[in-house]
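Keep the chain in view as you read.

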Amino acid sequence: METTIEAVHLTLPDGSVRTVPPGTTPLEVAASIGPRLAKDAVGAELDGRKVDLRLPLAQGGAFRIFTVKSPEAGEFIRHSAEHVLADAVKRLWPEAEIDAGRKDHSEKFQYDFRFPRAFTPDDLARIEDKMREILAEKSGFERIEVSRGEAERVFRDLGETLKVERLKEIPEGETITLYRDGRFTDLCRGPHVQNLSQIGAVKLLEASGVYWKGDESNERLQRIYGTAFGSEKELAEYLAQVELARARDHRRLGQELDLFSFNPLAPAMPFLHPKGAAIYIALIDYVRELNARYGYGEVVTPQILDVELWKTSGHYDNYQENMFFTEADEREMAVKPMNCPTHCLIFGTRLRSYRDLPIRYADFGRLHRYERSGVTNGLFRVRSFQQDDAHVFCTEEQVESAVLAATGMILELYRTFGFDEVRIELSTRPAKRIGSDELWDHAEASLARALDGRCIRYQVNPGDGAFYGPKIDFHVQDALGRSWQLGTVQLDYQMPQRFGLKYVAADGAEHQPVMIHRAMLGSVERFLAILIEQTAGAFPLWLAPVQAVVLPVSEKFAGYGERVRAALAAAGVQVELDDRNEKLGYKIREAQVQKIPYMLVVGAREQEEGTVAVRRRAGEDLGALTVDAFLARVGDLVASRSREL
RNA sequence: GCCGGCAUAGCUCAGGGGUAGAGCUACUGUCUUGUAAACAGUAGGUCCCCGGUUCAAAUCCGGGUGCCGGCUCCA
């Protein structure tokens, strides 16, 4: 229950404290600081939470005002533009029903409508014009607290039945607020800008059909996406940023750098060209090295197996719609979507002793999963791929140390790629699950203990575990700020049971081993895509498909160039010779565009001295080095998997 | 799978009911090249596929396939 307080203490960014009576609004606080601040204010923040300027303050805390110039203003601006969008659509098509906007306004806004047809690009242009008209009216936002009954009456009278539904989602006891700007009123918890003149630029981006409340079985609504900023300049900067991100799209770079392609004859199944495959193989080689060091034995398992196996594993019942099937010798067969069942078969080929455990199998087997058309996306989401997959069979007592070892291995691997921001999530029992609660208690506790023991920080993600066991997921942030779930460590008590796996313990009795699923890169295809976008195609030396290119200044030095190429190739460098009849500038430009780490220029001087003139892809000239000196440099960088050149 | 868009030379794209266009690339020749694009010429097409409308379809209409942006799902 709220206690009545007599004064609200606000700590401003400069450390000073301002004391105001409860019910004072941030706007009033701003006005007390200065008229200019009050005029420019778009919103406020209390203890890290963005709040509306018109919110009566009930308690104190760290407090600041955002103005149109603040980077944080965007969220208030876009949230407010969202209402303008809804208003514009209603003005153009009064019969449209409004549903709701977006929660996250860090980049975009959106609004869903019940509308009999899809919005066309022409519609978007009309709506955008209408929005500008509305912005020109410069209405202020009004915050109105209402009772549930009042709110329901308002939207019933307006014929907004979707809104009435949305109202029911608001938990009992929560304050219900409406926001009104000009003629438009919406159910909204805010916060919004002071008035529409603070929205300097709007742009509608696209329209799409969406399922109501995100549920496929529900009716379809029409969604419009847009973005807004305080000024046209900021909008232009945002659009330029988007354009820049497009330039490092891995599908585009995959073609430009001749890494991979797709063919309609095998939809969503990538063809890796020699250069793409070179990176892919280098990644796998690295994982192999780690596997060997951490005690994994690599196995090779079949691609197509009798459905009997998949019935045993549970995939036939739970995963069928994602599997490819075929038939041979009048037996129904399935192409494997996962490796784990085959590893259970290997484990079961002989009597295992507790002395043998943990047994660790690694597998780079090719997996095929039928993905619904429309969900595939470049190398990010494909129908044919490999994982750096592994399964650890261990005793109950070994779970904690095995999980810890896998975690350490995963973190070591991420450091190599410079993914220093790793978010770890512990996903616990989902509603739909198998196994007793005691087993889940135990499994979740084992994972938590493993992480706590090493003081590894993690978030609990309740209810997001696999149906057979809890898991630890590893998320990394890429250069574009996107988060990817890569690695996973999953506890599984079910698969060993289904396959009747046993080991003989010290007491001579048979026990069931625990299975741990482990992946680090996740899908190698997807990891490659992330890496392409992360590096914009400028791979670290150890991954670069072509590490150096020899560039003779003219045809006269092609012979010396070839000798250099051969010497480097013999030492294991992936090197090419560009002996085409072109000017040096032309060859350099092309090598640069291809992001080749080193360009080795050879002419009269170099031939004379037995050197190469080294240019790095970033543009610096390292001067002349002997072939041996260059080899030493490259050798060290490759051996250490350095991200430097 | 669902909503919308797109599909023209190897690539990026223009055009458009009546003989198919550009730049880059490729190839050939001239030049013999010194750190991000020498010059000239040549070649290159079932305008995604199937059907319909029309005297005539790459263009208009319908269906299919693939891709793109979303939704849902997910490594």
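Strands here are DSSP runs of E with at least two residues, numbered from the N terminus. The model is predicted.

Q: Which loop holds P191?
A: Start with the strands on either side. One is β10, residues 184-187, and the other is β11, residues 201-211. P191 sits in the loop between β10 and β11.

Q: Is the peptide bond from G190 to P191 cis or trans?
A: Most peptide bonds are trans. Look at omega for the bond from G190 to P191: it is near 0 degrees. That bond is cis.

Q: Where is P358 found, and is the peptide bond from L357 to P358 cis or trans?
A: P358 is in the loop between β19 (352-353) and β20 (359-363). The bond from L357 to P358 has omega near 0 degrees. This peptide bond is cis.

Q: What is the phi of K138, and is K138 buried or exposed?
A: Most residues other than glycine have a negative phi. K138 is not a glycine, yet its phi is positive, about 55 degrees. K138 lies in the loop between α4 (121-136) and β8 (141-146). Exposed means over 50% relative accessible area, and K138 has 54% relative accessibility, so K138 counts as exposed.

Q: Is A268 buried or exposed?
A: A268 is in the loop between β13 (260-261) and β14 (271-272). Its phi is positive, near 65 degrees, and A268 is not a glycine. Buried means under 20% relative accessible area. A268 has 14% relative accessibility, so A268 counts as buried.

Methods
Residues numbered from 1 in each chain as written. Chains lettered and ligands numbered in written order. Predicted model: local features only at pLDDT ≥ 70, side-chain atom pairs only at ≥ 80, totals over all residues. Heavy atoms only, no water. Helix = DSSP H or I, 4+ residues; strand = E, 2+ residues; numbered from the N terminus. Buried < 20%, exposed > 50% of the residue type's maximum accessible area, 1.4 Å probe, protein only.
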